Protein chains: 2
Amino acid sequence: MRLLIADDHDLVRETLAAFLSNEGQFEVDLAEDLPGACDKIRTDGPYDLVLLDYGMPGMNGLEGLAEARAAQGEKPVALMSGTATREVAQSAIDAGAIGFMPKTMAAKSLINAVRFMAMGETYIPLDFLNAKDEGPVSPLAERLTGREMEVLSGLCRGLANKEIARELDLQEVTIKLHVKTLCRKLEAKNRTHAAMIAKEAGLM
Amino acid sequence: MRLLIADDHDLVRETLAAFLSNEGQFEVDLAEDLPGACDKIRTDGPYDLVLLDYGMPGMNGLEGLAEARAAQGEKPVALMSGTATREVAQSAIDAGAIGFMPKTMAAKSLINAVRFMAMGETYIPLDFLNAKDEGPVSPLAERLTGREMEVLSGLCRGLANKEIARELDLQEVTIKLHVKTLCRKLEAKNRTHAAMIAKEAGLM
DNA sequence: GCGGCACCTATCCTTTCGGATAGAGGACCT
DNA sequence: AGGTCCTCTATCCGAAAGGATAGGTGCCGC
């Protein structure tokens, strides 16, 4: 199984190559930037899998991915990064990458991940995708009080102020106050907007 | 590597076992329902991985998963199913399953998936997760006209009728009409509710 | 003890929504 | 030619939302 690893960090590139070569089943080629990688692909034919560092010279975000994919033809291209977020990983997949590997990944998982991707299976570490519930919660939720969260919950169910008031055993005017505060804190222009922002942020 | 496969369909169970045993690296035990599987786990010690059929006798949805997990201790338990939806798969992961395998999965991917999960890595086929954007679109979106979708888009951005009217170069009353229609079609009680339903369904 | 904060209530007012009803033009199909 | 559907418009009305302002309570930390 022939791989191409492209990374501008010498240490990362060499250790990855050494580790994978050591498995016996992989034959690893190296490149240190995107143009170098594309040249390699074009001269030495498509690889079973190409691994590109997300932050290496020539990549320019996801643009470099398209170039490498063009050179690879039908064969898969994956990205790796030490810093990228879930959003980037998802965008990479949407842009046609066969997978996305954080550099923090356990070495033994790496072997299987590479094998997976060379086989045509998409791969992203799932804890990477599932983590989306925790991150964005705080920046917004921290600023909301308990009552406000309760009212927000009502908003997101499309309830009228009067209904929320009944549910929380309060006066309608009070709900209006909370809604106003919520709109201010969430920078929403009205209740609908506030509900959408909350939904978008994964608060509800 | 020791596996336990529990499935009430003889054919599935036997072929899976044969295929995995053939790889040489797996030692496969079998069970044909949940109680049988749990007994096996308790008597023959925890396995490196337990595969449970989602629809087998004794499972009762995700309840059986908890039971098997209790017997397995720290070791991983995965579900498999031929019919289950993304939602079920996600719930399974949330309930502590190490992975979820559709029975439609390519056999060669299966080997790696099993190895992955035995290793403690979560696994779900990604096309399974990403498909969520397409499925739920039609049932709702089909019933909405082009104009209605445009108005709905405004709703989801928290715009007032007047603003939507300006954007689409229409009269405000017309927007009110569309909003009313939208609420009826989406079975929403008001604009906020309609926006949330649209968001929930992935329409926006 | 006092300020700050979260919380609750009240009154007044304007704007927006939501619903009912009615009319009319255009596209498409039969 | 008639029917159906989408589209846009109009008027009227009551209900809801949104904003401003002015209170009151209780809890906590300084």
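At what angle do the axes of helix H11 of chain A and helix H11 of chain B cross? The legends below begin with that view of this predicted model.

**View 1. Helix H11 of chain A beside helix H11 of chain B.** In this predicted model, the axes of helix H11 (residues 191-200) of chain A and helix H11 (residues 191-200) of chain B cross at roughly 25° and come within 9 Å. Because angles under 35 degrees count as roughly parallel, H11(A) and H11(B) are therefore described as roughly parallel to each other, and their crossing is right-handed. From H11(A), the residues A:Arg191, A:Thr192, A:Ala195, A:Met196 and A:Lys199 take part, and they meet B:Arg191, B:Thr192, B:Ala195, B:Met196 and B:Lys199 of H11(B). By class, the residues of this contact between H11(A) and H11(B) comprise four nonpolar, two polar and four charged.

**View 2. The contact between chain A and chain B.** Chain A gives 23 residues to the contact, and chain B likewise gives 23 residues. On the side of chain A that touches chain B, at least two residues come from each of helix H5 (107-118), helix H6 (126-130), H8 and H11 of chain A. H11(A) provides the largest share of that side, with six residues. Sorted by class, the side of chain A that touches chain B holds nine nonpolar, seven polar and seven charged residues.

**View 3. The surroundings of DNA strand C.** There are 18 residues around DNA strand C, and those that come nearest are A:Thr145, A:Leu170, B:Ala160, B:Asn161 and B:Asn190. Both chains contribute elements that give two or more residues to this surface: helix H8 (146-156) and helix H10 (172-186) from chain A, and helix H9 (161-168) and helix H10 (172-186) from chain B. The largest share of the surface near DNA strand C is that of H10(B), which gives four residues. The classes represented near DNA strand C are six nonpolar, six polar and six charged residues.

**View 4. The surroundings of DNA strand D.** DNA strand D is surrounded by 18 residues, of which A:Ala160, A:Asn161, A:Asn190, B:Thr145 and B:Arg147 are the closest. At least two residues of the surface near DNA strand D are supplied by each of helix H9 (161-168) and H10 of chain A, and by each of helix H8 (146-156) and H10 of chain B. Here the largest share, four residues, belongs to H10(A). The surface near DNA strand D is made up of six nonpolar, six polar and six charged residues.

**View 5. Helices H8 and H9 of chain A.** The packing of two helices is described by the angle between their axes together with the distance between those axes. For H8(A) and H9(A), the angle is about 130° and the axes are 10 Å apart, and the two helices are therefore oblique to each other. The crossing in which H8(A) passes H9(A) is right-handed. H8(A) brings A:Glu150, A:Val151 and A:Gly154 to the contact, while H9(A) brings A:Glu163, A:Ile164, A:Glu167 and A:Leu168. The residues of the contact of H8(A) with H9(A) fall into three nonpolar, one polar and three charged.

**View 6. The parallel sheet of chain A.** In chain A, five strands in the order S2-S1-S3-S4-S5 make an open sheet with parallel pairing. Strand S2 (27-31) and strand S5 (99-102) of chain A are the edge strands, each pairing on one side only. On average, and with direction ignored, neighbouring strands of this sheet are turned by 20° against each other. Strand S4 (residues 77-81) of chain A runs parallel to S5(A) and is joined to S5(A) by four bridges; in this stretch A:Leu79 stands opposite A:Phe100 of S5(A).

View 7. The open sheet of chain B has five strands with parallel pairing, in the order S2-S1-S3-S4-S5. Strand S2 (27-31) and strand S5 (99-102) of chain B stand at the edges with a single partner strand each, so one side of each has no neighbour in the sheet. Strand S1 (residues 2-6) and strand S3 (residues 49-53) of chain B run parallel and are joined by four bridges, and B:Ile5 stands opposite B:Leu51 in S3(B). Helix H2 (residues 34-43) of chain B lies across S1, S2 and S3 of chain B, and its direction is at about 160° to S1(B).

How values were computed. Residues are numbered from 1 along each chain as its sequence is written. Chains are lettered from A and ligands numbered from 1 in the order in which they are written. This is a predicted model: local features need pLDDT of at least 70, side-chain atom pairs count only at pLDDT 80 or more; totals for chains, interfaces and linings use all residues. Axes are lines fitted to C-alpha atoms, for helices over the stretch in contact, and angles run from 0 to 180 degrees between N-to-C directions. Angles under 35 degrees count as roughly parallel, over 145 as roughly antiparallel, 65 to 115 as roughly perpendicular and the rest as oblique. A crossing is left-handed if the near helix is turned anticlockwise from the far one by less than a right angle, and right-handed if clockwise. Two residues are in contact if their C-beta atoms, placed from the backbone, lie within 7 Å. Ala, Val, Leu, Ile, Met, Phe, Trp, Tyr, Cys and Pro count as nonpolar, Asp, Glu, Lys and Arg as charged, and the others, Gly among them, as polar. A residue is near a molecule or strand if its C-beta atom, placed from the backbone, lies within 6 Å of it. Two strands pair if DSSP finds at least two bridges between them.
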